[in-house]
There are 2 protein chains.
Amino acid sequence: VTGSDERPTERLPRIAVDLLGGDDAPAVVVDGALRAIGADLDLELLLVGPTAVADEVVAQLPAAWRERVSTLVANRGIGMTGPVAGGADRRTTIGSAVLAVASGYADAMVSAGATGPIVAAAVMALGRVDQVRRPALAVTLAGARGPTVLLDVGAGMQPSHADLVQHAVLGAAYAHLVAGVAEPRVGLLTVGSEPGKGDRLRRSVDATLRDWPLPGPASYLGPVEGGDVVTGARADVVVTDGFTGNVLLKGIEAALASVADAYPPTVVPRAAVLLGVRGAVVICHGAADGCDVESGIALAARLVRTGLIRAVTELGKAADPAVLAEVNP
Amino acid sequence: VTGSDERPTERLPRIAVDLLGGDDAPAVVVDGALRAIGADLDLELLLVGPTAVADEVVAQLPAAWRERVSTLVANRGIGMTGPVAGGADRRTTIGSAVLAVASGYADAMVSAGATGPIVAAAVMALGRVDQVRRPALAVTLAGARGPTVLLDVGAGMQPSHADLVQHAVLGAAYAHLVAGVAEPRVGLLTVGSEPGKGDRLRRSVDATLRDWPLPGPASYLGPVEGGDVVTGARADVVVTDGFTGNVLLKGIEAALASVADAYPPTVVPRAAVLLGVRGAVVICHGAADGCDVESGIALAARLVRTGLIRAVTELGKAADPAVLAEVNP
């Protein structure tokens, strides 16, 4: 796999940005968009939101950069408690941004809106990768001993056995292509490092993963514990259900924030990637600030440039176990 | 409830200590026992283990303190991967210690051994509190804004709806009597603070707890998130399943350890209490050092002095919802 994407090579990566997503939207999104367009001169933004807000971004840009920004008008936001189905409505910023990606007009989207509507809209409009029943949200923690990809952190609350096995495959591909891990070691999150620990789901997934072909240079190392997510010393990819992953991530964030003097902001992920859909979707924390949104846009650009979505889609097509072993993302 | 216990008032609290439990036993347990007997002059220890190890403790004590120490001989330890049923064998230190509590010869037990065998032995030998089907392991985190009792952290991997409701009752009683929280606010751990978040189990338990009579001054505040466990700002008691609680606790510990300069050792709990059995059982971390074991012994003494087990047992007897509302632990 070369990592090339299907978009014409002469075009810059174009990232759709939801201007109305997040607790402090649109101000923080405007700030993040301005930062991103200045930080990466090989990037285009598609601002998705009310004309007045998009114009506010454009007005603050030097004239030479304005041609890298375009606007897709959508006037409805979806609050953090809004209906999940709202993401399918193209009058909403989430709905419009997803459709822009689905049509190929944008290469990726970034939103700090509510996870539920974004995931629902992405599944409907982009479709799932073959063999993937439920997508997973993945974050990368920058531990002292290396990055750790943690998934799922909140897309699905009650995954099946097959979901977790498929998420191990997706996480391994992501760690290799995007997080830069040469030979990803994949662990299954449970309550002890010895086999047989945890609930029924973990015990059966652990048994399956021992013989499951992971993509390319990745390998399954076995059960890992909550602390292994922080340091990056044992595992490069940690697989869990979205309930446990979400609780753990928020606990780690709060623990680091509680000792703010030593707080290394780079440890905590600023944006999550939705893996398992046929398009690049980045979700920032609802409490994101401008720097977080900028990081989310940079991550989206990296997804496009590494060809992650195409690689993952090909993994899905080739997901016969015998074939999967041959796939090197 | 007066907090008095059933043991004769003239006798000092007598704590059974498992000399062979923990990764670094017996050395760290010997160290912890010596520290405890010197730190609390109103305490007796029952050393449970090989004679030679117990004699090592006694030999290091000033003569005046030796009368507060006795020995119960048991020569078998149970490794961290030993069979769960091993705890029922009275030749093991865990089995002997639990039986000493069950018979009333000791008032509480402390072990840094494997959780599974300790829980199994405690349920068998001590029995469960009425209305409690599965006990829960509870820890107290000392957040900047106050203590937070987190349960379960590993006794049960797949609790039922009724188990989590009962654990809310146990946690509230524990927070009030032992952690010193005047009016415990009880939260249910999930992925968002709005109602309706999380998996089916959390949604149904949340609905039940809204109308469930918690003991005395406690009240149910609703859903809480992983970060709320760290600060103590929102909830005094956080209820979850043992899988999620274990993963979260280890993640918080590792996050704090990763910024060791600012590491406040008091935030992380050194010992857990098994709630829901008819006896006082304290479990230290397998990697406990002497100070941790000393803390575990001090916690066990506090359980005895506050009359927690008796209060919890009475809560169980009175656990008809209409009656429960009247119970002030």
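Reader: How many residues of chain A are in contact with chain B?
Author: This is a predicted model, where local features need pLDDT of at least 70, side-chain atom pairs count only at pLDDT 80 or more, and totals for chains, interfaces and linings use all residues. Residues are numbered from 1 along each chain as its sequence is written, chains are lettered from A and ligands numbered from 1 in the order written, and side-chain values use heavy atoms, with hydrogens and water left out. Contact here means heavy atoms within 4.5 Å. By that rule, chain B brings 35 residues to the meeting, and the number in contact from chain A is 35.

Reader: What area is buried between the two chains?
Author: Buried area is the accessible area (1.4 Å probe) that two parts lose on being put together, summed over both. Carbon and sulfur atoms give 74% of it here. On the chain A side, A:V191, A:F243 and A:V247 lose the most area to chain B, together 22% of what that side buries. The area for chain A and chain B comes to about 2700 Å².

Reader: Which residue of chain A forms a salt bridge with B:E225?
Author: A salt bridge is a side-chain nitrogen of Lys or Arg within 4 Å of a carboxyl oxygen of Asp or Glu. The rule finds two of them across the interface of chain A and chain B. In the one with B:E225, the closest N and O atoms are 2.3 Å apart, and the partner is A:K250.

Reader: Which helix of chain A gives the most to the side that touches chain B?
Author: Helices (H or I, at least four residues) and strands (E, at least two) are DSSP runs, numbered from the N terminus. Helix 6 (200–209) and helix 8 (242–258) of chain A each supply at least two residues to that side. With 13 residues, the top contributor is helix 8.

Reader: Where does the model's pLDDT stay under 50 in chain A?
Author: pLDDT is the predictor's confidence in each residue, from 0 to 100. Chain A has a mean of 89, with 91% of its residues at 70 or more, and the model scores ipTM 0.86 and pTM 0.89. The stretch under 50, for which the model has 24 contacts beyond four places in sequence, is residues 322–329.

Reader: What is the radius of gyration of chain A?
Author: This value is taken over C-alpha atoms, and the globule rule is 2.2 Å times the number of residues to the power 0.38. For 329 residues, a compact globule would come out near 20 Å, so chain A agrees with its 19 Å.

Reader: Which residue does A:D163 meet in a salt bridge?
Author: The structure holds 34 salt bridges over all chains. This pair links distant parts of the chain, 29 residues apart: A:D163 sits in helix 5 (residues 161–177), its partner in the loop between helix 4 (115–126) and strand 5 (136–143) of chain A. With N to O at 2.8 Å, that partner is A:R134.

Reader: What is the phi of A:Q131?
Author: A:Q131 is found in the loop between helix 4 and strand 5 of chain A. Although A:Q131 is not a glycine, its phi is positive, at about 80°.
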